[in-house]
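Reader: I'm new to this one. Can you take me through it in short steps?

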Amino acid sequence: MEPLVSRYNLLLLLLSLFVLSLQPTLVRSGDADVLLSLKSSIDPFNSLQWRRGTDFCNWDGVKECMNGRVTKLVLEYLNLTGHLDPKILNRFDQLRVLSFKSNSISGPIPDLSGLINLKSLFLSNNNFSGDFPESITGLHRLKVIVLAANRLSGDIPPSLLKLNRLYVLYLQDNRFTGTIPPLNQTSLRFFNVSNNQLSGQIPATPALIRYNASSFSGNLDLCGEQVHNQCAITGSPPSISPASPTVPKSKSNRSKLIKIIASSVGGFALLLLILGFLICFICFRRHRKEEPPEARSKGIGATEGTRAETGEGSGIGGNNGGKQGGFSWEGERLGTLVFLGAGDQQMNYSLEDLLKASAETLGRGTMGSTYKAVMESGYIVTVKRLKDARYPRMEEFGRQMDILGTLRHTNLVPLRAYFQAKEERLLVYDYFPNGSLFSLIHGTRTGGGGKPLHWTSCLKIAEDLATGLLYIHQNPGLTHGNLKSSNVLLGSDFESCLTDYGLTSFQDPDSVEEPSATSLFYRAPECRDIRKPPTQPADVYSFGVLLLELLTGKTPFQDLVQEHGSDIPRWVRCVREEETDSGDDPASSNDASEEKLQALINVAMACVSIAPDNRPVMREVLKMIRDARAEAQVSSNSSDHSPGRWSDTVQSLPREEHSSI
């Protein structure tokens, strides 16, 4: 009997191994079947050339797969028709991005509650009808909702307030009725409900007050400051009761006389009050002119003085060619605030609002000074005042701004507007209150005493940075040029976002000023000379140095490549082992951790190759990081890659603090 049992066990083992070997194929064929079912329901003209038996991850419209599952499905401008079947769509439970933009799909937007990982939904320019799909307000990861140019009707649900990561909400050119919900998400950056049938007062929340009339136009019954239409005061003045007794004529005349005398006396007193106020105001202005600039309170148009030197906050002014006072263009009235990007034309502030804003210094760097500007409305932006306002010429500067202003990505800090005059150049960005990656890694210390981040943090940050950098590199001729941890800001969801991209071309090539010591150690060897233009391979090198900074918690104020050479992997391991020995490293020291360490070291080592031709391009870097992250999620235990670990990592972040930029 024993040989028979042994053979039976062996047969079961072989069968199990066979089933396991088929499992990836079964998963992949599962998504292939769902895609083919989707095609059969909305593609009567056979616009999608999908064929069973081929790798569906390479099918048209399947932009991204991970672990054999579709994560990005983009089916645009394909003349798709019919209705969307919720039973089909909800099987794509790994989707991050779903787009049916510019087709002819009709019917109601189905229940999408099964798309639990969805981040971006694009359904614009179709024939959808019915109510707003309230099921999507339960998708807690959703950031982008674009439902413009359909035939949707009914109310905009207040449950949108549950989407605390909402970044884009485009509902224009529909038939929505009712009031606008009081959206208060600080993450909201793009908003448009124009050309609907909305009514009532526009909520004066900080999230909505920043947008001007173009975001609300075409709704005749809307009122509020944004549309310059004052809302009617509810209630009516009390009427005189018909039963009131009639006042005698003599008493009425006496009352009128008393009222006339009282009005005259009151008017004369008011005139004296106004005259006194004007005299005081003129005296105050004369006294203010006699004060030194340092003694005045400082807004954006004021002069930098003692407060800026002590770090207590300052205005965005300064010495303009040795002159004291406000901005150099104040007397000339040159220049305007130019908004960039189609959606940014809706921003509800002006140059005057910006100049009157109170300002606080966030940092100073090679390119200029950076400020937090708080406008009178409470709206906050980040303003960079470029150090050299004479190079390049104004026309070339404007052209470059137009290019950078079109860049929109979740891992980039968007450039919203710019101003240039004879001796001034200002750049306006979104304000990121969660600080920089430098602060996350090192806290307030600058001596390299930080601790390595948890594995999940390193992998997530690396993927965010690689994704943003790849997006920049996909635009011909563009580079970041100044990649370092202080030029990475943390968004509302603690996603890593690149800033200060594309600005190195504004440096005067004849300048004798050397880059800061901090920036120098991120630069590729071939770009240490400031006169040489930045390149995409040089960005890859900087990314590798930044990845080593993530892995070790050490600032790259010593040249890692030249100091450690081929021993960088050993050095990284030693640093992390020291942290483990002290009991501070949250990562476990098991074989899985060793594999993750080696995978990230391999990426960093490839990026910091001395020869530019030996470095991978960013598309290859991103693929390596995603592969490592996918393997880590499979091999690690649940606590090692849970969202809670990432949340724990950012708890020590010093808010409202940026390093020098």
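Reader: Where is Ser-496 found?
Author: Ser-496 sits in strand E22, residues 496–498. Helices (H or I, at least four residues) and strands (E, at least two) are DSSP runs, numbered from the N terminus.

Reader: What kind of model am I looking at, and how are residues numbered?
Author: This is a predicted model, with residues numbered from 1 along each chain as its sequence is written. Local features need pLDDT of at least 70 and side-chain atom pairs count only at pLDDT 80 or more, while totals for chains, interfaces and linings use all residues; side-chain values use heavy atoms, and hydrogens and water are left out.

Reader: Back to Ser-496: buried or exposed?
Author: Ser-496 counts as buried because its relative accessibility is 0%. Buried means under 20% relative accessible area, exposed over 50%, and partly exposed in between (1.4 Å probe, protein chains only).

Reader: What does Ser-496 touch?
Author: Not counting residues up to four places away in sequence, Ser-496 touches Asn-411, Ile-461, Asp-464, Leu-465, Val-488, Leu-489 and Leu-490. A contact here means heavy atoms within 4.5 Å.

Reader: Where does Asp-464 lie?
Author: Asp-464 lies in helix H8 along with Lys-460, four residues apart, about one turn of the helix. The side chains of these two meet in a salt bridge at 3.1 Å, N to O. A salt bridge is a side-chain nitrogen of Lys or Arg within 4 Å of a carboxyl oxygen of Asp or Glu.

Reader: Why does four places matter in a helix?
Author: An α-helix has 3.6 residues a turn, so residues three or four places apart point the same way.

Reader: And are Asp-464 and Lys-460 buried or exposed?
Author: Both Asp-464 and Lys-460 are buried.

Reader: What span should H8 have?
Author: H8 covers residues 455–473, and at 1.5 Å a residue its 19 residues should span 27 Å. Its end C-alpha atoms are 27 Å apart, which agrees. The expected span is 1.5 Å times one less than the number of residues.

Reader: How many salt bridges does a search of the whole structure find?
Author: The search finds 15. One of them joins Lys-39 and Asp-43 at 2.8 Å, N to O, and both of those residues are buried. Another joins Lys-356 and Glu-376 at 3.9 Å, N to O. That pair links distant parts of the chain, 20 residues apart, with Lys-356 in helix H5 and Glu-376 in the loop between strand E17 (368–374) and E18.

Reader: What about the accessibility of Lys-356 and Glu-376?
Author: Lys-356 is partly exposed, with a relative accessible area of 43%. Glu-376 counts as exposed, at 67% relative accessibility.

Reader: New topic. What is the strand order in the open sheet?
Author: The open sheet has seven strands in the order E3-E5-E7-E9-E11-E13-E14, with parallel pairing. Two strands pair if DSSP finds at least two bridges between them. Strand E3 (81–82) and strand E14 (221–223) stand at the edges with a single partner strand each, so one side of each has no neighbour in the sheet.

Reader: Which residues stand opposite each other?
Author: Ser-106 stands opposite Asn-127 in E7, where strand E5 (104–108) and strand E7 (127–131) pair over three bridges. Gly-154 stands opposite Phe-176 in E11; there, strand E9 (151–155) and strand E11 (175–178) pair in the parallel sense over three bridges. E11 is also joined by two bridges to strand E13 (197–201), running parallel, and Gly-178 has Leu-198 as its bridge partner in E13.

Reader: How many residues are in the largest nonpolar core?
Author: The largest core has 73 residues, and Phe-100 and Phe-191 have the most contacts inside it. A nonpolar core is a set of buried Ala, Val, Leu, Ile, Met, Phe, Trp, Tyr and Cys residues joined through side-chain atoms within 4.5 Å. Helix H1 gives the largest share of this core, six residues. At least three residues come from each of domain 1 (30–227) and domain 2 (351–581 + 590–636); the bounds come from an automatic or database domain assignment.

Reader: What is Phe-100 in contact with?
Author: Leaving aside neighbours within four places in sequence, the contacts of Phe-100 include Leu-38, Ile-42, Leu-75, Ile-105 and Phe-122. Apart from this core lies another, of 64 residues, among them Phe-432, Leu-548, Val-608 and Val-621.

Reader: Last one: how many helices and strands does the protein have?
Author: The protein has 15 helices and 22 strands. Of its 661 residues, 48% are buried.
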